[in-house]
Amino acid sequence: MCHSKFIFHLFVLKYIFLILFGLNNQLVVSYKEENLLAFKNLFLKGYSGVDEDDYSISVYTKQSVYDSLHYVIDQYSQLRNLSVGPASYAEENGEFLPLIICKKSYKRGSVEPSEEPYDIDAELETDCLALDPESSKTWRMNNASFFELDFYRLVDIEITFALKGINLQTVRSHELPDCYTFFVKIVFDNSCHSGKVKLTLDFDAVTIWPFHGLLLSFSAQKSTHYLLIFDGFVIIVCLSSAVLCTRSIILAVRLLQRFSSFCLENYNQKVCEDDQREFLNCWYILVIISDVMAVIGSILKMEIQAKSMTNYDVCSIFLGTSTLMVWVGVIRYLGYFEKYNVLILTMRAALPKVLRFCCCAGMIYLGYTFCGWIVLGPYHEKFEGLSRVAECLFSLVNGDDMFSTFAEFEQKNTMVWLFSRAYLYSFISLFIYMVLSLFIALITDAYETIKGYQTTGFPMTELQRFLMGQKEGFPLQGQEGVGAECGEAETVHASVMLCCCKRYSI
């Protein structure tokens with residue numbers, strides 16, 4: 001079986017391991033977020049620093065659209081003189097990657113929106129131009145016709161370009177810096193044709209290595225080698241732990257098979273499922289899953305440190321989940337103390353009933369979710385998508401943000417406003433006063449049962465009775481019994497050694 005000290009040392013190693021990775025991941029995420037904010041301030045004219053809903057900024061006049069479009073081009077051509085960060089034009093085969101502007105429009109349309117009928121072809125046409133940063137002064141003049149926009153046909157304008165940058169924050173901790181190519185996309189969205197053009201800026205960051213012009217010091221490389229060695233040691237420790245726990249489970253299964261054969265041969269009885277579970281230690285299964293995820297996360301982290309991989313998110317999911325399971329596994333050691341064992345015993349007793357209850361309540365919850373999205377989605381930002389509706393209803397169940405949810409419904413549409421009141425009042429009344437109360441009652445009932453057992457003693461399983469009978473000189477003779485179900489019998493006869501067991505028919 002796994003040694004307690006070994007598991008404890010593994011826990012400490014995993015925790016240190018996670019802290020080191022979490023610090024690096026935090027630097028990467030902050031670097032990308034700050035670059036996104038810097039690009040919005042560089043290329044979006046009039047950007048206030050705060051996005052408007054799901055877009056960055058909006059314009060309402062033709063001149064504002066032209067000004068914003070020309071502003072992007074001018075800022076891009078002067079990037080080297082404007083940006084305070086180490087951002088520059090991305091290159092491929094020694095040449096700058098161009099800025100590309102694509103405008104998407106309907107094929108035909110009436111010359112004036114006031115003329116009837118509209119002659120609109122649903123098929124879209126796309127026209128694109130490429131801009132070399134070195135020829136930006138004459139580029140706009142030579143392509144003046146491209147910027148003559150037909151707003152009644154215009155669907156959107158998409159500007160894409162690539163920049164490169166380097167994250168130097170890790171150099172201070174003697175680690176190799178990450179080098180990125182930012183594929184920036186700016187969209188002028190006029191698909192609604194409502195008189196409002198929405199501007200959105202976003203980018204995809206791709207790590208590149210090697211980075212031309214970067215000189216690495218020996219200390220940074222040496223620190224990286226030490227981290228790789230530490231990662232390798234963690235992998236070896238986790239594999240050893242997984243092997244030992246797997247061995248324990250295999251031995252337990254073999255013991256269960258021997259015990260089942262013994263019962264069949266000597267008493268012609270099958271071991272019930274409750275007693276079969278006594279042979280399997282679920283904590284070892286939890287440790288194995290945690291070790292496997294830690295090994296996978298460690299390998300991904302080594303690839304990231306060696307600059308062969310850049311996906312921090314997948315790595316963080318494996319390492320974070322592994323550490324969560326390690327912390328949950330610590331509860332096992334608290335279970336040896338009676339006063340600290342209430343939580344895990346209550347969870348074990350209440351879990352089956354809670355899961356069945358959640359399945360029933362979940363059907364009602366899904367009904368309210370779909371109903372809110374279909375009816376209230378166009379009128380309230382919290383109901384615009386299924387996930388947002390589910391999150392809003394979950395916050396309402398917990399008593400959060402109730403008044404603002406009611407108040408944000410406008411009274412322009414009386415029918416929808418009345419429906420929203422009936423919808424919200426019925427949901428809150430049903431889930432807070434009934435569903436949530438029943439949910440708490442299930443857990444409270446399990447807790448009271450466990451507290452009672454701690455006072456009067458826990459009922460013995462039939463496997464424990466069998467083992468006790470072996471110690472006292474099995475088989476037991478002439479003991480009186482009450483109850484015929486698992487966990488209820490106080491005594492046992494030799495002919496009915498295992499309660500909850502079915503007579504095996506040959």
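This is a predicted model: local features need pLDDT of at least 70, side-chain atom pairs count only at pLDDT 80 or more; totals for chains, interfaces and linings use all residues.
Trainee: Quick one to start: is the crossing of α10 and α12 left-handed or right-handed?
Mentor: Right-handed. Residues are numbered from 1 along each chain as its sequence is written, and side-chain values use heavy atoms, with hydrogens and water left out.

Trainee: Fine. What angle do α10 and α12 cross at, and how far apart are the axes?
Mentor: They cross at roughly 55°, and the axes of α10 and helix α12 (residues 414-456) come within 9 Å. Axes here are lines fitted to C-alpha atoms, for helices over the stretch in contact, and angles run from 0 to 180 degrees between N-to-C directions.

Trainee: What do we call that arrangement of α10 and α12?
Mentor: Oblique. Under 35 degrees counts as roughly parallel, over 145 as roughly antiparallel, 65 to 115 as roughly perpendicular, and the rest as oblique.

Trainee: Which residues meet there, in α10 and in α12?
Mentor: From α10 you have Val389, Leu393, Leu396 and Val397, and they meet Tyr423, Leu424, Phe427, Phe431, Ile432 and Leu436 in α12. By class, that contact divides into ten nonpolar, no polar and no charged residues. Ala, Val, Leu, Ile, Met, Phe, Trp, Tyr, Cys and Pro count as nonpolar, Asp, Glu, Lys and Arg as charged, and the others, Gly among them, as polar.

Trainee: And α9 with α10, at what angle do they pack?
Mentor: About 120°, with axes 9 Å apart. α9 and α10 are therefore oblique to each other, and α9 passes α10 in a right-handed crossing. On the α9 side the contact is made by Tyr365, Tyr368, Thr369, Phe370 and Trp373, and on the α10 side by Leu386, Val389, Ala390, Leu393 and Phe394. The class count for α9 with α10 is nine nonpolar, one polar and no charged.

Trainee: What about α7 and α8, how do they pack?
Mentor: Helix α7 (residues 282-305) and helix α8 (residues 312-334) pack at about 150°, axes 8 Å apart. That angle makes α7 roughly antiparallel to α8. α7 passes α8 in a left-handed crossing, and their contact has 19 nonpolar, six polar and two charged residues.

Trainee: Changing topic: where does lysine 382 lie?
Mentor: In the loop between α9 (342-376) and α10 (386-397). Helices (H or I, at least four residues) and strands (E, at least two) are DSSP runs, numbered from the N terminus.

Trainee: Is lysine 382 buried or exposed?
Mentor: Buried, at a relative accessible area of 15%. Buried means under 20% relative accessible area, exposed over 50%, and partly exposed in between (1.4 Å probe, protein chains only).

Trainee: Which side chains make polar contacts with the lysine 382 side chain?
Mentor: Serine 404 does, at 3.4 Å, and threonine 405 does, at 3.1 Å. A polar contact is a pair of N or O atoms within 3.5 Å; within protein, one must be able to donate a hydrogen and the other to accept it, and residues adjacent in sequence count only if both atoms are side-chain atoms. Leaving out residues up to four places away in sequence, lysine 382 touches Arg388, Val389, Cys392, Asp401, Ser404, Thr405 and Glu408. Contact there means heavy atoms within 4.5 Å.

Trainee: Okay, where is asparagine 167?
Mentor: In strand β7 (residues 154-167). Asparagine 167 counts as buried, with 1% relative accessibility. Beyond four places in sequence, asparagine 167 touches Leu27, Val28, Tyr31, Pro177, Asp178 and Tyr180.

Trainee: How far apart are alanine 87 and isoleucine 166 in space?
Mentor: 7.7 Å, C-alpha to C-alpha, though they sit 79 residues apart in sequence. Alanine 87 is in the loop between α3 (79-82) and β2 (88-89), and is buried at 17%.

Trainee: Last one: what is phi of histidine 193?
Mentor: Near 55°, a positive value in a residue other than glycine. Histidine 193 lies in the loop between β8 (178-189) and β9 (197-208), partly exposed at 33%.

Methods: A crossing is left-handed if the near helix is turned anticlockwise from the far one by less than a right angle, and right-handed if clockwise.
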